Amino acid sequence: MLWENDVIYEEKEDIGIITLNRPEKRNALSKGMLSQLADILDKIANERRVKVVIIKGTGKCFSSGHDLKEILSSDLHDAEETFDIIKRVMIAIREAPQPVIAQVHGYALAAGCQLVAACDLAVASEETKFALSGINVGLFCFTPTVFVSRNIAPKRAFELAFTGDMITAQEALKWGLINKVVPREKLEEETMALAKRLARHSLSVLEAGKKFFYRQLDLSWEDALEYATKTIILWSQRKEVKKGIAAFLRKND
């Protein structure tokens with residue numbers, strides 16, 4: 001186990017578990033906490049010891065968003081450092097070879113909601129509430145809106161960002177922000193089960209699939225199809241792919 005003050009990292013077989021650990025502050029994302037989170041994500045990506053990553057929070061909620069007391073006392077330099085670090089976290093999640101799953105409970109607000117949206121998958125407990133709440137304190141959720149608006153329909157994202165209202169886990173599921181809603185007592189079990197289903201596959205194919213998935217989203221369907229065709233041609237000739245196909249055919253003969 002790696003203990004980093006406000007962030008805990010541990011590994012269970014092929015799965016890395018990152019825990020936000022400021023329960024007394026509802027896991028508010030301070031500059032120090034974000035820096036620790038970015039460092040751990042970079043370490044996971046570089047070491048390639050695990051195949052899947054879970055991000056969760058201790059205490060009563062996943063994350064209430066940025067540490068507003070820290071922002072209140074910040075100057076321009078401090079603000080630049082804080083928001084550059086959370087940008088680094090978002091990039092680290094997206095560029096990690098491993099799929100990243102958010103395990104969400106309680107509240108995921110503002111930058112906490114951004115963190116959920118940036119993860120590749122998300123499982124939430126039934127009582128969870130989500131919001132882009134920055135507008136309620138006069139600070140529009142500029143950066144959170146980037147990822148939330150790429151998860152859900154534009155009008156839904158606009159509604160969240162411009163009202164600051166909370167939505168339920170069931171609404172978040174319906175809108176496409178999360179993948180699954182489960183009872184609170186089943187949250188850890190269900191999230192781990194999803195992680196294990198992904199971890200059955202090799203890290204190389206998970207990495208290639210994740211990179212392809214996000215790149216093709218930004219292309220026209222014609223360019224995406226061209227990119228997919230070239231990619232699958234090359235991958236079809238890899239030794240591990242041919243080995244996997246041969247094993248499947250033997251099993252099903």
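Which residues does Ile93 touch, not counting those up to four places away in sequence? Here are some notes on the way to that answer and beyond.

1. Before anything else, keep in mind that this is a predicted model.

2. Now the answer on Ile93. Leaving out residues up to four places away in sequence, Ile93 touches Leu41, Ile55, Val100, Leu115, Ala118, Cys119 and Lys210.

3. Ile93 also turns up in the largest nonpolar core, which has 52 residues. Ile93 is listed there among the residues with the most contacts inside that core, along with Ile18, Ile55, Val89, Val116, Phe130 and Ile178. Helix α1 (residues 31–47) gives this core its largest share, seven residues. Apart from it there is another core, of 13 residues, including Ile15, Met192, Ala195 and Ala199.

4. What about the overall build? A compact globule of 253 residues would have a radius of gyration near 18 Å, and the chain comes in at 19 Å, so the two agree. Along the principal axes, the C-alpha atoms fill a box of roughly 65 × 45 × 40 Å.

5. If you take the contacts with a separation of 6 or more, 70% of them are between residues 24 or more positions apart. As for burial, 44% of the 253 residues count as buried.

6. Is Thr163 buried, partly exposed or exposed? Its relative accessibility is 33%, so Thr163 counts as partly exposed, since that class runs between 20% and 50%. You'll find Thr163 in helix α6 (residues 154–163). Setting aside neighbours within four places in sequence, Thr163 is in contact with Ile135 and Asn136. Gly112 is 51 residues away from Thr163 along the chain, and their C-alpha atoms are separated by 17 Å.

7. Lys69 is another residue to look up. Lys69 sits in helix α2 (residues 68–72). With a relative accessible area of 65%, Lys69 is exposed, because the cut-off for that label is over 50%. Between Lys69 and Phe158, 89 residues apart along the chain, the C-alpha separation is 26 Å.

Notes:
Residues numbered from 1 in each chain as written. Predicted model: local features only at pLDDT ≥ 70, side-chain atom pairs only at ≥ 80, totals over all residues. Heavy atoms only, no water. Rg over C-alpha atoms; globule rule 2.2 N^0.38 Å. Buried < 20%, exposed > 50% of the residue type's maximum accessible area, 1.4 Å probe, protein only. Contact = heavy atoms within 4.5 Å. Core = buried A, V, L, I, M, F, W, Y, C linked by side-chain atoms within 4.5 Å. Helix = DSSP H or I, 4+ residues; strand = E, 2+ residues; numbered from the N terminus.
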